[in-house]
Amino acid sequence: MSSVLVSTTINGDPVEFACPPEETLLDSLRDRVGLTGVKEGCGTGDCGSCSVTLDGRLMCSCLVLSAEVEGKQVGTVEGMVQNGQLHPLQESFIDNAALQCGICTPGFLVAANALLARNANPTETEIRYALAGNLCRCTGYDKIVRAVQVASKEMRKKSKKTKKK
Amino acid sequence: MRYEAPKTTKEAATFLKKEKGDAFILAGGTDLLVKMKLGISAPDLVVDIKKIPAMNAINHNASGSKIGAAVSGAELGEHKGLSKSWPGVVEATNLIGSDQVQSRATMVGNLCNASPAADSVPAMIAAGAKAIVVGSTKRRTVPVEKVVTGPGQTSLADDEVIEAITLPKRGKRAGDAYLRFIPRTEMDIAVVSAGVNLTLERGVVKTARICLGAVAPTAILVPAAAKAIIGTKLDDEALDKLAAACSAACNPIDDKRGTIEYRVRVAGVLAKRAAKIAFQRAGGA
Ligand SMILES: Cc1cc2nc3c(=O)[nH]c(=O)nc-3n(C[C@H](O)[C@H](O)[C@H](O)COP(=O)(O)OP(=O)(O)OC[C@H]3O[C@@H](n4cnc5c(N)ncnc54)[C@H](O)[C@@H]3O)c2cc1C
Ligand code: FES
Ligand code: FES
């Protein structure tokens, strides 16, 4: 079986790897690139634990072939940390106890980050709809929703401050 | 498996034509990759259509609209002009799956997967949508209701691919709507669904198309339901006739998601509600 060579950008860094044409982005990220933040919960698009962004759009990496990401920009949870600093969403998930086993957490973080990028001040209903593609079987959703609300507030405060400066 | 990403629709059709094994078009992959994962499909060739410029374009002007087969639900929802002219088609497509699924799922993939419960299909059929079909040697245009022939079955030949969906010219006094019934508020498969598209003249329904989903092996157009409201101001009597015609047209399955009796009844109720929304959107009072 011949493999495909994929050149792409992941979290801003150029990356190249070879894989079988039927391999999913989820498997390549975990097993070839070493980014194990993406998790496989279901492999069929239902749980969202494999969420990534592709050219800024949120999707399930289990439903993307690696061959498709040639020349594109992939974003994973690992890219949310900037200069060794946790992202405000990550801080807020810790502070608000929005995780237990943590399997679903990277997917929730990537999905919540995608939401806040297009809507800096979402309502609770908007948050719940935006996270409907992510399942958590231990924490319950209230704490997760609250963590996103707190983070969105923090982030708006910060962006106001930087605007003033 | 081989992966190809051609730059033109003709090339895509030629790849399909030449392949001796199982060949599949890949649009958003939200059905195809699930089937590959579950071992239901094992393609020898996958032809990705997302690098074809004509498939990624939305054209919307006074003479009608054309939506490329690779346009995602999210992109469709972000198009202001289409959302204004065809809110029913757009809302039906936007009901498909989560935000993650919306970034990928296409109307044409929804159609060609040929599930009786596909959400965008009744809305497209009610709208009078047509599919532009490209084969390795010729092109043709077919009404959307002629594409699906049964669960998982389409009328497309082995070398044919849908390039785009067209929607007719839209007048001022026109409206469409789509409603589905699901046991949850998000992320579920329609138990019954209804798409309604109508135009008005002096406050009276002039033309109408009504299509039901999930109540027969394919989405079904119900001309008798349209007839029941044409020439009326959508009064209660007309609405009751519409509901009765819809219920009479159902040929549903009985399963844990809904009994036959339930689906037959709810089809009428949903069609009524969708008709009221479409009427209001058309400026009816
Ligand atoms: C978590 C989840 C939730 C979902 N929720 C819903 C829902 O609420 N409602 C609903 O209706 N569906 C739902 N679906 C099913 C699926 O997302 C939709 O059917 C979607 O519209 C398929 O589009 P796609 O572009 O991803 O298709 P693909 O998977 O790319 O293709 C589907 C089929 O159509 C064929 N095909 C695609 N494009 C063409 C073309 N241009 N010409 C010829 N053949 C073509 C493919 O070969 C394949 O057989 C869901 C799926 C998932 C994973
Ligand atoms: S692993 Fe991709 S959605 Fe569950
Ligand atoms: S914390 Fe365990 S699944 Fe969410």
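**View 1. B:Ser103 sits in the loop between α7 (99–102) and α8 (107–112) of chain B.** Helices here are DSSP runs of H or I with at least four residues, strands are E runs of at least two, and both are numbered from the N terminus. This is a predicted model, where local features need pLDDT of at least 70, side-chain atom pairs count only at pLDDT 80 or more, and totals for chains, interfaces and linings use all residues. Residues are numbered from 1 along each chain as its sequence is written, chains are lettered from A and ligands numbered from 1 in the order written, and side-chain values use heavy atoms, leaving out hydrogens and water. B:Ser103 counts as buried because its relative accessibility is 12% (buried is under 20% relative accessible area, exposed over 50%, partly exposed in between, with a 1.4 Å probe and protein chains only). Its side chain also reaches across to chain A, where the backbone oxygen of A:Leu58 is at 2.5 Å.

**View 2. A:Asn11 has a positive phi without being a glycine.** The angle is about 50 degrees. Look for A:Asn11 in the loop between β1 (4–10) and β2 (13–19) of chain A. With a relative accessible area of 27%, A:Asn11 is partly exposed.

**View 3. B:Arg202 is another non-glycine residue with a positive phi, about 50 degrees.** You'll find B:Arg202 in the loop between β12 (192–201) and β13 (204–213) of chain B. Its relative accessible area is 76%, so B:Arg202 is exposed.

**View 4. A:Lys160 belongs to helix α5 (residues 141–164) of chain A.** A:Lys160 counts as exposed because its relative accessibility is 60%.

Definitions and conventions: Polar contact = N/O pair within 3.5 Å; in protein donor to acceptor, adjacent residues only side chain to side chain.
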